[in-house]
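Subject: Structure handover

Hello,

Please find the structure below. My notes on it follow.

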There are 2 protein chains.
Amino acid sequence: MAELRVVGVEGLPEVEEGMSVGAEIAARAELRDGDVVVVSQKIVSKAEGRVRQLSSAIPGGEARRLAAVLGKDPALVELILEESREVLRAERGVLIVETRHGFVCANAGIDSSNLPEDGAVCLLPEDPDASARRIRAEIRAAVGVSAAVIVADSFGRAWRLGQSEVAIGCAGTAPLDDWRGRADANGRELEATAIATADELAAAADLVRDKASRVPAVVIRGLAHQVSADDGPGAAALRRPKAEDLFR
Amino acid sequence: MAELRVVGVEGLPEVEEGMSVGAEIAARAELRDGDVVVVSQKIVSKAEGRVRQLSSAIPGGEARRLAAVLGKDPALVELILEESREVLRAERGVLIVETRHGFVCANAGIDSSNLPEDGAVCLLPEDPDASARRIRAEIRAAVGVSAAVIVADSFGRAWRLGQSEVAIGCAGTAPLDDWRGRADANGRELEATAIATADELAAAADLVRDKASRVPAVVIRGLAHQVSADDGPGAAALRRPKAEDLFR
């Protein structure tokens, strides 16, 4: 019978810049070939030194203007704009942007929760797919296991309340399981059905932790058939091309 | 250690109108108090007689006009419009609507895969939260177990490629886990963080089945603390109020 196990990795230390996230996880989880390791963006960013002091940001004119409209800190808005290539919406206190990676989310994914210092904020990794590939290689180097790695963050959604975890980086698993052109159980062709598997893995992992906990890494076992030897296209393949997007 | 198990329910028969979905699942899964049972919208709709022959739909003027623009079957467009309260987008072959329930999705959730007859399509349940409550009661009646029930369907997303399963109905679990105002691990208040748990459960369940398989029900074990005696507000609570939505 098809079965998955989703298990939190306990006992990870407070992550510092330069730490090998993959080695730390491998030391605390009994990883096996074919496991999927879902890592919270926050610890990846911390390990990569992507923490900024708000006091270090010098708000430009656009940041000051938007901050006034939105009731936000001008220094935070400056950092958000620096991480963004386009502002989609700036109203009702909400700033929705396309990040430099091409993800559409609130505040360019910058937030201040689960950081040790006051006045600090955490940016998304520079290249979350590269982060996933590096953590995958760290795991392989530490314990010789071929696991897939997903870097996950919570994004809000149009039309639905609440945030859900999505993959902003991945390595070793295809982010999209494309069923278009394949047949259903009755032999009829399936309509447009490409499943965002990496996002579903990120969401599943979130169920075993909570936002206040120190469980920033989760192992999903039972999907070895979806773990590949190559790193694959990464979560970048989940970005809907702007020209095909009806909701800009 | 926090751990979830996600297990497909095997051996369900082809669902016919009037069948007790809850009793059929309970007969094939060894359910326990605190399990979450995720049921595919398709079998719920079939049990509720929500299958239509395209030949029974008489396209009105608006359906014929949109069908011509989109290159779709006018009878299908007629059914979509009948199930909708508003058309958000009709371009590039895509019809995004707000359903009569208030969900925003493509084609009002109508599709033709996994149906035995040619020319038939399946509509969403009339009231998916009521469906979830009924299936929950059927399970309780059959085996005396207090489980939560989620009715799940695949929705596309703005800005991201691929579909992900979301909850269109739920009973016995809170659809949103609201952390706003609560503290992070460092005692700092979390920013806007309400987690769409019901959607994450739907996504997790999707990982153990595939679109061609006969595994339309999945049991998630290990979240008994999220299963309540009362049915709760249902997935209707996941609809973002139109007035707060920036992407219409």
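Which residue in E5(A) is the bridge partner of Glu86(A)? It is Glu98(A). Strands here, and helices too, are DSSP runs numbered from the N terminus (helices are H or I with at least four residues, strands are E with at least two).

Some ground rules. This is a predicted model, in which local features need pLDDT of at least 70 and side-chain atom pairs count only at pLDDT 80 or more, while totals for chains, interfaces and linings use all residues. Residues are numbered from 1 along each chain as its sequence is written, chains are lettered from A and ligands numbered from 1 in the order in which they are written, and side-chain values use heavy atoms, with hydrogens and water left out.

Two strands count as paired if DSSP finds at least two bridges between them. The sheet is open, has three strands in the order E4-E5-E6, and is antiparallel. Its edges are E4 (84-91) and E6 (104-106) of chain A, each pairing on one side only. Neighbouring strands are turned by 25 degrees against each other on average, direction ignored.

Two helices pack on this sheet. H3 of chain A (residues 61-70) touches E4 and E5 of chain A, and its direction makes about 30 degrees with that of E4(A). H4 of chain A (residues 74-82) also touches E4 and E5 of chain A, at about 135 degrees to E4(A). Touching means contact, with heavy atoms within 4.5 Å. Axes are lines fitted to C-alpha atoms, for helices over the stretch in contact, and angles run from 0 to 180 degrees between N-to-C directions.

E4(B), residues 84-91, pairs with E5(B) in the antiparallel sense over six bridges. Glu91(B) stands opposite Val94(B). The two strands form a hairpin with two residues between them, and Arg92(B) in the turn has a positive phi of about 50 degrees. On to E6(B): three bridges join E5(B) to E6(B), again antiparallel. Ile96(B) has Ala106(B) as its bridge partner. This hairpin has four residues between its strands, and Gly102(B) in the turn has a positive phi of about 105 degrees. Five of the six residues of E5(B) are buried, so E5(B) is largely enclosed by the rest of the structure. Buried means under 20% relative accessible area, exposed over 50%, partly exposed in between (1.4 Å probe, protein chains only).

The sheet across both chains

An open sheet of ten strands runs E9(A)-E8(A)-E2(A)-E12(A)-E1(A)-E1(B)-E12(B)-E2(B)-E8(B)-E9(B), with mixed pairing. E9 of chain A and E9 of chain B (164-171) are the edge strands. Where do the chains join? Five bridges link E1 of chain A to E1 of chain B, residues 3-8 in each, running antiparallel. Val6(A) stands opposite Leu4(B) there. H6 of chain A (residues 197-206) packs on this sheet, and its direction makes about 125 degrees with that of E9(A). H6 of chain B (residues 197-206) packs on it too, at about 125 degrees to E9(B).

The interface

The contact takes 76 residues from chain B and 76 residues from chain A. Together the chains bury about 7100 Å², 54% of it on carbon and sulfur atoms. Buried area is the accessible area (1.4 Å probe) that two parts lose on being put together, summed over both. On the chain B side, Trp159(B), Arg160(B) and Leu207(B) lose the most area to chain A, together 13% of what that side buries.

Chain B can be laid on chain A with an RMSD of 0.0 Å, by a turn of 180 degrees and a shift of 0.0 Å along the axis. That is the relation of a two-fold axis. The superposition is by least squares on the C-alpha atoms of residues with pLDDT of at least 70 in both copies. 100% of the interface residues of chain B are also interface residues in chain A, so the copies meet through the same surface.

Best wishes
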